[in-house]
Amino acid sequence: MKKIFVITGEHSGDIHAGKVVQVLKSSNPDIEIQGIGGDNLKNAGAKIFCDHSNMAGFGLNFKMIVDHLKLETKLCKYILDEYKPDLVLLIDYGTFNLRVAKKLKGHGIKVVHYIPPQVWASRKWRIKKIKKYVDKVLCIFPFEVDLYKSYGIDVHYCGHPLVKQLPPKADKNIFFEKYNLDINRPLVSIFPGSRPLELNYLAGTFIKAAKKLQKLHPELQFCISHAPNLSDDIFTKYIKDTDFKVIKGDNHALLSVSDSLILASGTVALEASIYQTPMIISYKGPWLLYIIYLLVRCIKYVSLPNIVTQKEIVPELIQAKFSIDNICYETEKNLYNKIHRENYITELGNVKELLSDKYSAQEVANCILDMLK
C-alpha cells in the first residue's frame with residue numbers, strides 16, 4: 001500500500017488539498033493519506049496529523065515562529081520515524097514547507113511541491129532551495145514553467161485550481177433576497193483580509209471610505225466579507241464601528257454579485273477577475289515590512305490579475321497611495337464611468353483566457369501516481 005503525507009498551512013491550501021485527495025481516493029481507494037490541514041482534507045478521506053488553524057500568520061510574531069519550529073521538529077520526526085510515506089505533497093506555505101523538504105532530503109521520500117513559492121515575485125534565491133530539496137514542482141501559472149526549467153527543475157504546469165474550483169456566479173436576485181439587499185441599488189463589497197494584522201491596518205480605512213462613498217452616493221449599499229478562518233471575536237473587534245451588513249461563508253457569491261469591490265491583496269483578486277467584477281486593490285502594512293518587500297521583490301505589480309496580464313488592469317493603492325480619497329475615487333470610476341467600467345470588465349475577461357482550463361487537482365493526482373509507480 002502506497003502512503004502519502006500532505007502539508008498545508010492555510011485555508012486555501014486545505015481546499016486545494018481536499019480536491020487532490022478526492023481525485024486520488026476515487027481511483028485508488030486503498031491509498032493511505034495523512035496530513036496537516038483542515039476540514040477539506042479530512043472530509044476527502046485523509047487522516048489529520050495536526051489541524052492547521054493556528055499556523056496561518058503574518059509578520060514578525062515571535063510566538064508564531066517558535067510554534068512553527070516546534071511543529072516542524074515534531075512533524076519531521078513522525079514522517080521519518082513512524083509514518084514513512086512514499087511521497088510528501090507540499091501545498092503552498094513556502095517557508096515552512098521548504099524547511100520540511102530540507103529535513104526529508106536523503107531519506108528516500110519523494111517530495112512534490114504544488115503551488116510553489118512565488119520566486120518570480122520576490123526572494124528569487126529560494127529557487128535554489130527548491131532545486132536542492134524538491135523532486136518535482138507542480139506550478140499553477142504558465143509563465144512559471146520556463147523559469148523552473150531554466151534552473152533544471154522537474155516542473156509540470158497543472159493549471160490554476162480556481163479556474164475549475166470556483167463556483168459559478170450566484171443568482172443575484174436570490175442572493176439579494178437572502179441577505180435582504182435592495183436589488184435596485186448598487187452593491188459595493190469590502191474584503192478586508194483574512195489575517196488580524198491585515199484587519200488592523202486596512203479595515204478602519206476601508207470602512208471610512210465606504211461611509212464617505214455612502215454620504216456622497218446615498219443609493220449605494222455595502223457589505224463586508226468575514227473571512228471564514230477568523231473568529232467572530234477577532235473580526236468584530238475591527239468592524240464594530242459600522243452597521244454595514246456582514247456576510248460570512250458566502251464570499252464567492254458575494255464577489256460575483258457585487259458591482260464593485262474594495263479588496264486586500266491576495267488570491268481574492270484573481271477570484272474577482274474570473275467573475276469579471278471591477279475592483280480595487282488597496283493594502284498597507286508596517287513600513288519596515290514594506291521596505292523589506294521593496295528590496296526583495298522581482299516584479300512591478302502586486303495583484304495577480306495585473307501579474308498574469310503584465311499590465312495594470314486593477315488599480316493598486318499600496319502603502320503611500322492607501323487613503324480614503326484614493327479608494328473613493330477609484331470606486332466611483334468603477335461604478336459611474338461607463339466607458340471605464342465596460343473596458344475594465346472586458347480586460348478582466350482576458351485574465352481567465354490566459355489561465356489554462358486544465359483541472360488542476362486531476363493534473364496533480366496524475367503526477368503523484370506516476371511518481372509512485
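This is a guided tour of a predicted model, stop by stop, for use in a viewer.

**Stop 1: helix H1 and Gln22**

Select residues 11-27. This is helix H1, and Gln22 lies in it. Gln22 has 43% relative accessibility, so it counts as partly exposed. Gln22 and Gly45 are 23 residues apart in sequence. In space, their C-alpha atoms are 7.4 Å apart.

**Stop 2: helix H2 and Lys42**

Move to residues 39-43, which form helix H2, and pick out Lys42. Is Lys42 buried or exposed? It counts as exposed, because its relative accessibility is 53% and the cut-off for exposed is over 50%. Next, select Lys3 and draw a distance between the two C-alpha atoms. Lys42 and Lys3 are 39 residues apart along the chain, and their C-alpha atoms are separated by 16 Å.

**Stop 3: strand S5 and His113**

Select residues 110-114 for strand S5, then highlight His113 within the strand. His113 has 1% relative accessibility and so counts as buried. What does His113 touch, leaving out residues up to four places away in sequence? One stretch of partners holds Leu90, Ile91, Asp92, Gly94, Asn97 and Leu98. Another holds Val134, Lys136, Val137 and Leu138.

**Stop 4: helix H7 and Gln165**

Go to helix H7, residues 161-165, and select Gln165. Gln165 is buried, because its relative accessibility is 16% and the limit for buried is under 20%. Which residues is Gln165 in contact with, once neighbours within four places in sequence are set aside? They are Ile15, His16, Lys19 and Ala361. Zoom in on His16. The side chains of Gln165 and His16 are joined by a polar contact of 3.3 Å.

**Stop 5: helix H9 against helix H10**

Select residues 196-216 for helix H9 and residues 232-239 for helix H10. The axes of H9 and H10 are 8 Å apart, and the helices pack at an angle of about 35°. Their crossing is right-handed. On the H9 side, show Pro196, Leu199, Asn200, Ala203 and Ile207. On the H10 side, show Ile234, Phe235, Tyr238 and Ile239. Colour the contact of H9 with H10 by class: eight residues are nonpolar, one is polar and none is charged.

**Stop 6: helix H9 against helix H15**

Which residues meet here? From H9, select Thr205, Phe206, Lys208, Ala209, Lys212, Leu213 and Leu216. From H15, select Ile324, Asp325, Ile327, Cys328, Thr331 and Glu332. The contact of H9 with H15 divides into seven nonpolar, two polar and four charged residues.

**Stop 7: helix H15 against helix H16**

H15 contributes Lys333, Asn334, Leu335 and Tyr336 to the contact. H16 contributes Lys338, His340, Arg341 and Tyr344. By class, the contact of H15 with H16 has three nonpolar, two polar and three charged residues.

**Stop 8**

The last stop is about backbone angles. Most residues other than glycine have a negative phi.

Select Gln276 first. It is found in the loop between helix H12 (267-274) and strand S12 (279-283). What is the phi of Gln276? It is near 60°, a positive value in a residue other than glycine. Gln276 counts as partly exposed, at 31% relative accessibility.

Then select Gln310. Its place is in the loop between helix H14 (304-309) and strand S13 (316-318). Phi of Gln310 is near 60°, again a positive value in a residue other than glycine. Gln310 is exposed, with a relative accessible area of 59%.

Notes. Residues are numbered from 1 along each chain as its sequence is written. This is a predicted model: local features need pLDDT of at least 70, side-chain atom pairs count only at pLDDT 80 or more; totals for chains, interfaces and linings use all residues. Side-chain values use heavy atoms; hydrogens and water are left out. Helices (H or I, at least four residues) and strands (E, at least two) are DSSP runs, numbered from the N terminus. Buried means under 20% relative accessible area, exposed over 50%, partly exposed in between (1.4 Å probe, protein chains only). A polar contact is a pair of N or O atoms within 3.5 Å; within protein, one must be able to donate a hydrogen and the other to accept it, and residues adjacent in sequence count only if both atoms are side-chain atoms. Contact means heavy atoms within 4.5 Å. Axes are lines fitted to C-alpha atoms, for helices over the stretch in contact, and angles run from 0 to 180 degrees between N-to-C directions. Ala, Val, Leu, Ile, Met, Phe, Trp, Tyr, Cys and Pro count as nonpolar, Asp, Glu, Lys and Arg as charged, and the others, Gly among them, as polar. A crossing is left-handed if the near helix is turned anticlockwise from the far one by less than a right angle, and right-handed if clockwise.
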